[in-house]
Amino acid sequence: MQLRQQVDLAIDRNTETAEQLVRFMYEHPETAKEEILASSRITELLKKKGFAVEYPYLQKELGYGTAFRAVLENGSGPKVAILVEYDALPELGHGCGHNLHGALSTLASLALFDLKEQFQGTLYVIGTPAEEGDGAKLLMSELGIFDAMDLAVMMHSCGAISYTDMDALSLRCYELTFHGQQSHAAAAPWAGHNALTAARKFLDLVDARRESLAPYSIFSAVIKEGGIQANIIPDYAMLHLEFRSKSRAELEELNRIVKNCASAAALAMDCTAEFKALFPDFYDMVRIPVLEEEVHTLMQSREEEIAAPERPSGSTDMGNVSYRCPSIQPMICITKQALALHTAELRDSTIQPFAIEQMKKGAAVICELALKLFHDKAFCTEVRKSFETELKKKEDIAL
């Protein structure tokens, strides 16, 4: 029996389990760091299959207990990590499709365990919570969890067409506080320093800079607090803001601009500005041409329409992983409609028959990619060299 046939049979044997997982997470959405039901369900499946499971994983370091690591030590050979996402969005549920592609990663992992006689090496299945929050992969990357991996892989849900990889933007998030001086807004306005006005002027200054920002630079903000009532000049205003760029170098330039705008607004209003990082930066993606070409070939061989990423779009903590080891995050089309992520329509498409078939296809591709890395020493070496080349390009730009 050919290897592809064995892969397909292993996928078929585990599809019902994965489909039930899709539906379970859809019906029980859990937000970042609260994914108790999802992580418990997935780890039970992996443990039952025969993986050595550590759950909770890195609880002390992360500050919550919904990450996991499952390991299949299967002789000497390459190390492959399949990453699993399972957190949902507040109120919206699985509008980013994590229930579908989390189950996809789980399906690929279960199938590869069934194929353990066909390869030598170590397979890791790593549960990575809070992608919609401060991203468990950020700290995991800093801790070196992925440094020894020859491949880290997952797929992400999308609409309309599949892509060989995600070209992500770097992301930085701040809590920005303006401090001023309270005073009566009618009796003694001259004695006050309006922190809310400073916040508004800050936003105006950033808007004024937009025309001169580098391509793909994005700035977003909301005012979280801005005063008590109208007849009191606010001495406190607080914003949550985030900005993105196509490289870490451009992120630093955007950071300089944002801080200058805050300083200018504070100076004009006799206020002070205080920045507090909300969580570590999300990095842009180190894309590996060799991996993207292989995914393209595998997808096409399964009659899947697939394209290269058109432009950097959105941010993912998978970017931080990609700076540590050869990584890839293809986008798998789960609906033929051009639906945006973080929508109710995308959420509801995850439980449709087409999405389940795409889950099977994506899981099969991950299996085949992992097996090629396990089997083909030359391919594994080529992937590593390509990673080192692309990483150096990124680092040279940052310098």
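Two rings of Phe, Tyr or Trp are counted as a pair if their centres lie within 6.5 Å of each other. In the present model, which is predicted, Tyr174, Phe243 and Phe275 form one aromatic cluster on this basis. A search of the whole structure finds nine aromatic pairs.

Two of the pairs are described here in detail. The ring centres of Phe68 and Tyr86 are 5.9 Å apart and the ring planes meet at 10 degrees, so this pair is stacked. Planes under 30 degrees apart are the criterion for that term. Phe68 belongs to strand 2 (residues 68–74), whereas Tyr86 is in the loop between strand 3 (79–84) and helix 4 (98–114), so the pair ties together parts that are 18 residues apart in sequence. Phe68 and Tyr86 are both buried. The rings of Phe119 and Phe374 are likewise stacked, because their centres are 4.3 Å apart and their planes are at 15 degrees. Phe119 is located in the loop between helix 4 and strand 4 (121–127), and Phe374 in helix 11 (residues 353–375), so this pair ties together parts that are 255 residues apart in sequence. Both Phe119 and Phe374 are buried.

Aromatic rings also take part in arrangements with charged side chains. Lys259 is placed over the face of Phe275, at 5.3 Å from the ring centre; Phe275 is also one of the residues of the aromatic cluster with Tyr174 and Phe243. Arg248 is placed over the face of Tyr323, and here the distance from the ring centre is 4.8 Å.

The largest pocket has a volume of about 1,000 Å³. It is lined by 37 residues, of which Met166, Ser313, Gly314, Ser315 and Leu341 are the closest to its centre. Strand 6 (156–159), strand 8 (170–179) and strand 12 (236–245) are the elements that give two or more residues to this lining. Strand 6 provides the largest share, with three residues.

Several features of the backbone were then examined. Most residues other than glycine have a negative phi, and most peptide bonds are trans. In the model, the peptide bond that joins Tyr55 and Pro56 is cis, with omega about 0 degrees. Pro56 is in the loop between strand 1 (52–54) and helix 3 (59–62). Leu58 is also placed in the loop between strand 1 and helix 3, and has a positive phi of about 55 degrees although it is not a glycine. With a relative accessibility of 14%, Leu58 counts as buried, because the cut-off for that term is under 20%. Glu91 is not a glycine either, and its phi is positive, at about 70 degrees. The position of Glu91 is in the loop between strand 3 and helix 4, the loop that also holds Tyr86. Glu91 counts as exposed, with a relative accessibility of 87%.

The surroundings of three further buried residues were examined in turn. Glu292 is part of helix 8 (residues 289–301) and counts as buried at 10% relative accessibility. Its side chain makes a polar contact with the side chain of Arg287, at 2.7 Å. Apart from neighbours within four places in sequence, the residues in contact with Glu292 are Thr164, Asp165, Arg287, Pro309 and Ile328.

Ile288 is in the loop between strand 13 (272–277) and helix 8. Its relative accessibility is 1%, so Ile288 counts as buried. When neighbours within four places in sequence are left aside, Ile288 is in contact with Ser327, Val383, Ser386, Phe387 and Glu390. Ile288 and Ser322 are 34 residues apart in sequence, and the distance between their C-alpha atoms is 9.1 Å.

Asn320 is a residue of helix 9 (residues 318–322). At 5% relative accessibility, Asn320 counts as buried. Its contacts, leaving aside neighbours within four places in sequence, are with Lys137, Leu138, Ser141, Asp281, Phe282 and Tyr283.

How values were computed
Residues numbered from 1 in each chain as written. Predicted model: local features only at pLDDT ≥ 70, side-chain atom pairs only at ≥ 80, totals over all residues. Heavy atoms only, no water. Phe/Tyr/Trp six-rings, centres within 6.5 Å; stacked < 30°, edge-to-face > 60°. Helix = DSSP H or I, 4+ residues; strand = E, 2+ residues; numbered from the N terminus. Buried < 20%, exposed > 50% of the residue type's maximum accessible area, 1.4 Å probe, protein only. Lys NZ or Arg CZ within 6 Å of the ring centre and 35° of its normal. Polar contact = N/O pair within 3.5 Å; in protein donor to acceptor, adjacent residues only side chain to side chain. Contact = heavy atoms within 4.5 Å. 1 Å grid on protein atoms, 1.4 Å probe; cavity = no way out; pocket = protein on both sides within 12 Å on 5 of 7 lines; lining within 4 Å. Points joined across faces, edges and corners; volume = space filled by probe spheres on them.
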